[in-house]
Amino acid sequence: VVAGCAAPAPAAEAPAEEAAVEEAATEEPAAEAGGEAGEASGELPMVDPLEVTGDIVTAGSSTVFPLSEAMAERFIDEGYSGQITVDSIGSGAGFQRFCESGETDVSNASRAIKDSEVEQCAAIERTPIEFRVGTDAIAVTVSPENDWLSEGVTMEELAFIFSADYTNWSDVNPDWPAEPIQRFTPGTDSGTFDFFIEEVMAPVYGDEAEAKFLGAQNLQLSEDDNVLVQGIAGSKNGIGFFGYAYYLENEDTLVVLSLDGVTADDAAVDSGDYPLARPLFLYSDAGIISNKPQVGSFLNFYLTYVNEEVQRVGYFPASADALNEARAKLAEALAQ
């Protein structure tokens, strides 16, 4: 994706918008956007990338990055001649750029925005609008040399593996090797890190979940998922996790584990049976969309064609209801 740093125009004050995490969607677009926004289906007016000018700046989640990169490349391939930036810096760092410094037009996130971040956005007159664009299944992976986790792990075992209370594999299970666990994980700015702490560590350790995780020995943190892939693949005792797309890119050098006996696939992720399935989001603001029409056009293009790209990249589609809700929100923002 073409890189560059175009500063966004100042955002006009936008009406209040809830940053809801739930897929439930009864909201309808307030008005037609460009004359063709379907109220029930969340349809949007067609966008011709050849007619779109002006720069677009996005940043955030390393998990959402491959999807946003693919959508940006398709936007360019179909005629957009402006400059579009997609930076992979982690969800938390992405929200800092969007809500504190106001440097970006779109924030990519693998977790929902926090109340504190919404307040930071309000301080610079931005009201984040949440757009659900897909679903990820966090892949927990090991080296092909690992021959003791072939049956997968339970969620409780996974919490122990990443806890400061356990140093060797045999500390978790006496049938496993008496060798140090090598841990490779996303950094603390990552939405993947936040999700893992909440879904894996907190059920076992409660308020001590993050401290137990960060206190573990042989822990390498990185916001670059490719660094994690290399570390896990290069160590028989390595284990780590990241978005499913990075596993698929490296499935010849990694083994993905089942969790509680469930393997990530379309059916398990869609039903919620896979324990580490999670939503993927974009965030923007009505003022930005108004002041920079190219941002609205890109978001329109993204939401129109994302299901043609999401599985090719390595993720899973959002439900029809969630995607229609996102389209309806954008139609409402475009109409303001």
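These legends describe close-up views of a predicted model.

**View 1. The whole protein chain.** The chain has 336 residues, and 56% of them count as buried. Its secondary structure comes to 13 helices and ten strands. Take the contacts between residues at least 6 apart in sequence: 76% of these join residues at least 24 apart. The accessible surface is about 13500 Å². Carbon and sulfur atoms account for 44% of that surface.

**View 2. The largest nonpolar core.** This core holds 96 residues. Which residues have the most contacts inside it? They are Met201, Ile239 and Leu276. Helix H12, residues 293-313, supplies the largest share of the core, with ten residues.

**View 3. The surroundings of Met201.** Leave out residues up to four places away in sequence, and Met201 touches Ala159, Phe162, Ser163, Phe196, Gly206, Ala209, Lys212 and Phe213. Met201 is also among the residues with the most contacts inside the largest nonpolar core.

**View 4. Strand S6 and its partners.** Strand S6 covers residues 182-186. Four of its five residues are buried, so the strand is largely enclosed by the rest of the structure. S6 pairs with strand S8, residues 238-242, in the parallel sense over three bridges. Here Phe184 stands opposite Gly240 of S8. S6 is also joined to strand S7, residues 219-222, by four bridges, and these two run parallel. In this pair, Arg183 stands opposite Leu219 of S7.

**View 5. The open five-strand sheet.** The strand order is S2-S1-S3-S10-S4, with mixed pairing. Which strands lie at the edges? They are S2 (84-88) and S4 (128-137), and each pairs on one side only. From one strand to the next, the twist averages 15°. S4 and S10 (residues 277-285) run antiparallel, joined by nine bridges. Within this pair, Thr135 stands opposite Pro279 of S10.

**View 6. Two helices on the sheet.** Helix H2 packs on the sheet and touches S1 (56-60), S2, S3 (106-109), S4 and S10. The direction of H2 makes about 165° with that of S3. H12 packs on the sheet too, touching S1, S2, S3, S4 and S10. The direction of H12 makes about 30° with that of S4.

Definitions and conventions: Residues are numbered from 1 along each chain as its sequence is written. This is a predicted model: local features need pLDDT of at least 70, side-chain atom pairs count only at pLDDT 80 or more; totals for chains, interfaces and linings use all residues. Side-chain values use heavy atoms; hydrogens and water are left out. A nonpolar core is a set of buried Ala, Val, Leu, Ile, Met, Phe, Trp, Tyr and Cys residues joined through side-chain atoms within 4.5 Å. Buried means under 20% relative accessible area, exposed over 50%, partly exposed in between (1.4 Å probe, protein chains only). Contact means heavy atoms within 4.5 Å. Accessible areas come from the Shrake-Rupley method with a 1.4 Å probe; for residues, only the protein chains shown count as cover. Two strands pair if DSSP finds at least two bridges between them. Axes are lines fitted to C-alpha atoms, for helices over the stretch in contact, and angles run from 0 to 180 degrees between N-to-C directions.
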